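Student: I would like to learn how to read surface features and charge pairs from a model. Could you take me through them one at a time?

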Amino acid sequence: GVSDSAQNQFSQIFNLLTQVQEHEMVIKHAMEEQTTGSGQILEAIKAINDITSQVKDGSGNMIAGSEEVLKEMQKVISITREVDVSMDDMNVCLGDINIAIEGVNNVTQETKASIDMLSGEVEKFTV
C-alpha cells in the first residue's frame, strides 16, 4: 500500500541521485581533460615561441623551424578540438543533470503528497 509506494519512491530517488553522481563524475572527467588540454596548449605556444626565436637567430634554420611551427600548430588545433568536444560533453551532461534534478523534484513532490495523504489518514484514526 502506502508503505510500498513510499519505498518505491525512495528507491526512485536513490536511483536518480546515483545518476546525478555518475553525471558529476563525467563532468569532473571532462573538466580534468579540459585542464590537461589547456596546459598542453600553453606548452605548444611556448614551443612555438621558442621556435620563432630560433628562426630569427639563424636564417639557415628557417625552413626546419617553419616545419616545427606547423607541427605545433597542428597540435594546438588538435588540442582545441579535444577541448571543444569536452565542452560539448559537459553541456550534454549538464542537461542530463538538469533532467535528473527535475525527476528528483517530481519524486519529492509525489513523496510529500503521499506523506500528506498518509498523515491525513492517520489523523482519522487518532482519538
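Student: Is Lys112 buried, partly exposed or exposed?

Tutor: Before answering, note that this is a predicted model, in which local features need pLDDT of at least 70, side-chain atom pairs count only at pLDDT 80 or more, and totals for chains, interfaces and linings use all residues. Residues are numbered from 1 along each chain as its sequence is written, and side-chain values use heavy atoms, with hydrogens and water left out. Burial is read from relative accessible area: buried means under 20%, exposed over 50%, and partly exposed in between, with a 1.4 Å probe and protein chains only. The areas themselves come from the Shrake-Rupley method, and for residues only the protein chains shown count as cover. Lys112 has a relative accessible area of 47%, so this residue is partly exposed.

Student: With which residue does Lys112 form a salt bridge?

Tutor: Side chains of opposite charge can pair when their charged atoms come close. The term salt bridge is used here for a side-chain nitrogen of Lys or Arg within 4 Å of a carboxyl oxygen of Asp or Glu. Lys112 pairs in this way with Asp116, the closest N and O atoms being 2.9 Å apart. The two residues are four apart in helix α2, which means that about one helical turn separates them; helices here are DSSP runs (H or I, at least four residues), numbered from the N terminus. Asp116 counts as partly exposed because its relative accessibility is 42%.

Student: How many salt bridges does the structure hold?

Tutor: There are five, including the one between Lys71 and Glu68, whose closest N and O atoms are 3.5 Å apart. Lys71 and Glu68 are three residues apart in helix α2, so about one helical turn lies between them. Lys71 is partly exposed at 46% relative accessibility, and Glu68 is also partly exposed, at 33%. Another of the salt bridges joins Glu121 to Lys124, with the closest N and O atoms 3.3 Å apart. Both of these residues lie in helix α2, three residues apart; Glu121 is partly exposed at 36%, whereas Lys124 is exposed at 60%.

Student: Which residues gather in the patch of negative charge on the surface?

Tutor: A patch is built from residues with over 30% relative accessible area and no salt bridge, joining like charges within 9 Å and nonpolar side chains (Val, Leu, Ile, Met, Phe, Trp, Tyr) within 5 Å. Asp and Glu count as negative, and Lys and Arg as positive, while His and the chain ends are not counted; each charge is placed at NZ of Lys, CZ of Arg, CG of Asp or CD of Glu. The negative patch brings together Glu32, Glu33, Glu82, Asp84, Asp88 and Asp89. Helices α1 (2–57) and α2 (62–125) are the elements that give two or more residues to it, and the largest share, four residues, comes from α2. Asp88 is in helix α2 and is partly exposed at 47%.

Student: Which residues form the nonpolar patch on the surface?

Tutor: Val2, Met117, Leu118 and Val122 form it, with about 320 Å² of accessible area together. The largest share, three residues, comes from α2, while Val2 is placed in helix α1 and is partly exposed at 34%.

Student: Is Gln9 buried or exposed?

Tutor: Gln9, in helix α1, has a relative accessible area of 8% and is therefore buried. Leaving aside neighbours within four places in sequence, Gln9 is in contact (heavy atoms within 4.5 Å) with Val107, Glu110, Thr111 and Ser114.

Note on methods. Areas by Shrake-Rupley, 256 points an atom, 1.4 Å probe, with all protein chains shown as cover.
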